[in-house]
Amino acid sequence: MTANNDEEEEEESLMSLLDHLQTRVAYYKSKLDKSEKKLEETRTKLAHIRSSKAPRVLAIESGEEEDCDFQPKPRYQEEEDCKIINTKKRKPLLVIPAVSPFPAKKKKKIRKTEESESGDFRLIEMVSSSSSPCKVNCETSTTMLNSQHKRKLRTLVLSPTNHHQFLTSALDGFVNVWQIQDRGSHATLVSSINAGSPKQRRWPEDIAWHPSGGSLVSVYNADSGDSQLAILNLNDKEKQVVFLEDKPHVKGVINNVMFMPWAAADCFATCGNDHAVVLWTAQRNLWKPQVLHTNSSAVMGVAGMQQKRMVISVGADKKIIGFDLQSEIADYNHRLESKCMSVVPNPRDLNLFMVQTGAPQRQLRLFDMRLKVSQVHEFGWNQESSTSQSALINQAWSPDGLYITSGSADPVIHIFDIRYNGSQPSRSIKAHQKRVFKAAWHQSLPLLISISSDLNIGFHTIT
């Protein structure tokens, strides 16, 4: 029976791969047709320009037309014309910048990624394609900044609109907004918001920055009838913290909040220890919740997959569930051998996502939405200070989608390269005195920003 199941899984994997390859072939054929058409149009325009003379241009500008018999020039004559043209004053060249992986690697050719018509980059062919990782150089003289929090840090979020700003939150209930200075050498405190819940004075368990940049969404605890969610308005000091009346979660901690990529300004999801995944939608300037589904155990992480309008959730029941909003069913369902604690979609390839698990030395698993039967890669590290894996440890993708960072309890920042066919980190940075919760890549600067239970914020320059 097991052999039959293995054969069926292998057959399904091959069929999925075949569909993917057929899609790529059709894509390239479409691109070839468009390129040939564009080439023909360009040749026609070039021939027309060469056959035109100054009086002809003046006549067109004045609204008059002349009859003109166009005779194609021989190839040797075209070459002579090109030589004459090249001796004249050149016009400014149109420079089309290429998308290069971040951080930049000098004197090293990097395999080009395939870009789809929707704008996403397909990195799946690059996964596990190299026998050695690309080394990430990071300055050892890391700048440390006091977070000005009185209790342990909990979240680190970078602004989606202002690349000079980021926020931190802690168990003291405050949310601090920071301004990056001197290309990441340090930061200054812009504002500090008391975001403790009204009854129990609970701290925000997680925070999501609104895609417009003007507000934050913070989630709390569902116990004792306290408020479960608040909107933090960064530009309105009179109504800076507004707690919502709706309480869709039944009990326990609300573990995660994330805006959905297909309707980023109008939709976000939450998940919690009550086993529920809740979708919040903007309706007439109000956020209205809807319970999508419940798991058999606590749901630890939630995210959105853009190309299928799917909400991915992972939980302590070891399950990865993809809920399709259009069909209203769990279209993707996968079970691991260890509990799942977070999920982060790849920023460039819309089919890839990383899941954090509780398995030692196999903490990170990379999945492709198109292959529903198995993972495509895994990474991990040997944690010396503790055998247990904390759900407070988070991961973050680099802007190019090729690297992912993870905090640890050792305390070390681990950097992984998805192109490497091994599972070990490409680089491990020891920069804090206590457990590292998260290290986030800056969107435009060669910089990593980290938070730790030592109450410091780290700035690590990538060279």
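Visitor: Over how many bridges do β4 and strand β5 pair?
Guide: This is a predicted model, where local features need pLDDT of at least 70, side-chain atom pairs count only at pLDDT 80 or more, and totals for chains, interfaces and linings use all residues. Numbering runs from 1 along each chain as its sequence is written, and side-chain values use heavy atoms, with hydrogens and water left out. Strands here are DSSP runs of E, at least two residues, numbered from the N terminus, and two of them pair if DSSP finds at least two bridges between them. β5 covers residues 165–170, and its antiparallel pairing with β4 runs over 5 bridges.

Visitor: Which strands sit at the edges of that open sheet?
Guide: The sheet has 4 strands in the order β4-β5-β6-β7, with antiparallel pairing. An edge strand pairs on one side only, and that picks out β4 (153–158) and β7 (186–194).

Visitor: Is Ser342 buried or exposed?
Guide: Ser342 lies in strand β20, residues 340–345. Buried means under 20% relative accessible area, exposed over 50%, partly exposed in between (1.4 Å probe, protein chains only). Ser342 comes in at 9%, so call it buried.

Visitor: Which side chain does Ser342 join in a polar contact?
Guide: A polar contact is a pair of N or O atoms within 3.5 Å; within protein, one must be able to donate a hydrogen and the other to accept it, and residues adjacent in sequence count only if both atoms are side-chain atoms. At 3.1 Å, the partner of the Ser342 side chain is Gln395.
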